[in-house]
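This report describes strand pairing, aromatic contacts and charge placement in one protein model. The sequence and structure are shown first.

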Amino acid sequence: MKPKMVIITHVENSAVTEGFIPAALKLGYDLVVITDHKLAYKHYFSMVEKGPKQILECDVFNPLAIIDLLDGHAFKPSVVFSNSDHLQACTALVAEYFSCPGKNWKTCYKSKNKAQMREELRRLQLPSIWSEMCFAGDPLPDNIPYPVIAKPREGVSSLDVALCQNEAELMNYHKNFTNKKMPILMESYIEGELFTLETLGDGKQVIVVGGFDVSLSALPHFIETRAIWNGEKSHLYAQQALEQIKQFGANFGVCHSEFIATASGPVLVEINYRSIGDKREFLLNELLSFDWFETILQIHAGKPLDTLDTQTPYALIQYFPHTNDGHLISRSESFIDDQVDTKVSYQALKNLGDRLTVSHSNKDYLGVLTVIGQSKHTLEQAASSVAKTISWEIS
């Protein structure tokens, strides 16, 4: 009899449809997908050769609803997994109910809720910054140390993140979120370069796979525009960043964390207790000697981390966000150019005719360029040359 796996997911996304689901099937699991976007997933898998055994629909933000659904279908999983930002705590509770390996749900909650993350960092006496939460309709707190970064307490993808230089700008931001009925978090703005830490853990040991040095768009927004794999900052601060993540308790499965490199060391920006996204998960799968998706699922099956070879070539990824609203009427097509010393690929992310609305987040990406090579200089040259040939037109 095949072992049983449940993947819990929210909106349809390529990490699940092209990464984790094919990996689960390759590993031989009897797979059930639970989602609140059943039609989107059924449509996707109607067009590919292999898919999950069942796609079931329920409120994936409610762990009791998921447990009831699985019990009602007499489906007792040995693996419960999600790669969704919003569903880690819920998934951890479901895994605990079925006695499956999983994350600590409290750590998941504190990771996702950025206000709780700041509180936990202070409690643990780890490097942090001033922060204060404000609910919709409440007055702003006094003595705010401008400039501050304002963001949704449980946001994703840099969506609705903005730098507010003064009270007037913050009041305007706060007014918009009062209309949205969403709590916001205000944090001190600190100078420094952004880098990421990508880790894997089996509950006993946590290893650093690597990290990206990240370039951002012009302020006041924080759109990631370029990332260099194992760049200077991510290499220099990897061990210090790792110690912070371990003390926080993010020690099971995959974790994608972001830090600012300051003069006194790395300061945590946020913990994303899931795999890195924005196509960088597929870049890692190509760079590493082991399968990224399968390895993560095997951890959730209870398999201890073996000694993994994390040596890779150099890599660069560049994003092309649109800056005005309209319909996409022309674009550069996707391609792969595999040369002797470099591999260059471009993937178009929007379709002709798509209606585009600027969100100042990674949802604005029109395409993504990746370059893999044996030297950083070669990467920069190739990326600069190819980027000049990529174009689009928005009506």
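A residue is called buried under 20% relative accessible area, exposed over 50% and partly exposed in between, with a 1.4 Å probe and protein chains only. The model is predicted, so local features need pLDDT of at least 70 and side-chain atom pairs count only at pLDDT 80 or more, while totals for chains, interfaces and linings use all residues. Residues are numbered from 1 along each chain as its sequence is written, and side-chain values use heavy atoms, with hydrogens and water left out.

**Aromatic pairs**

Rings of Phe, Tyr and Trp (its six-membered ring) pair if their centres lie within 6.5 Å; planes under 30 degrees apart are stacked, over 60 edge-to-face and the rest tilted. The structure holds 12 aromatic pairs. Two of them are tabulated here.

| Pair | Centre distance | Plane angle | Class |
|---|---|---|---|
| Phenylalanine 20 – phenylalanine 293 | 5.0 Å | 90 degrees | edge-to-face |
| Tyrosine 97 – phenylalanine 98 | 4.9 Å | 85 degrees | edge-to-face |

The pair of phenylalanine 20, in helix α1 (residues 14-26), and phenylalanine 293, in helix α11 (residues 292-300), links distant parts of the chain, 273 residues apart. Helices (H or I, at least four residues) and strands (E, at least two) are DSSP runs, numbered from the N terminus. Phenylalanine 20 is buried at a relative accessible area of 0%, and phenylalanine 293 is buried at 3%. Phe20 and Phe293 form one aromatic cluster with Phe81 and Phe282.

In the other tabulated pair, phenylalanine 98 is buried at 5% relative accessibility, whereas tyrosine 97 is partly exposed at 47%.

**Charges over rings**

A charge sits over a ring if NZ of Lys or CZ of Arg is within 6 Å of the ring centre and within 35 degrees of the ring normal. The charged end of lysine 103 lies over the ring of tyrosine 273, 4.2 Å from its centre. For arginine 280, the ring is that of phenylalanine 212, with 5.1 Å to the centre.

**Strands**

Two strands pair if DSSP finds at least two bridges between them. Strand β2 (residues 30-35) pairs with strand β3 (residues 54-57) in the parallel sense over 4 bridges, and isoleucine 34 stands opposite leucine 56 in β3. Together with helix α2 (residues 38-45), β2 and β3 make a right-handed β-α-β unit; right-handed means that, with the strands pointing away from the viewer, the path from the first strand over the helix to the second runs clockwise.

An open sheet of 3 strands has the order β19-β16-β21, with antiparallel pairing. Because β19 (355-356) and β21 (392-394) are edge strands with a single partner each, one side of each is left without a neighbour in the sheet.
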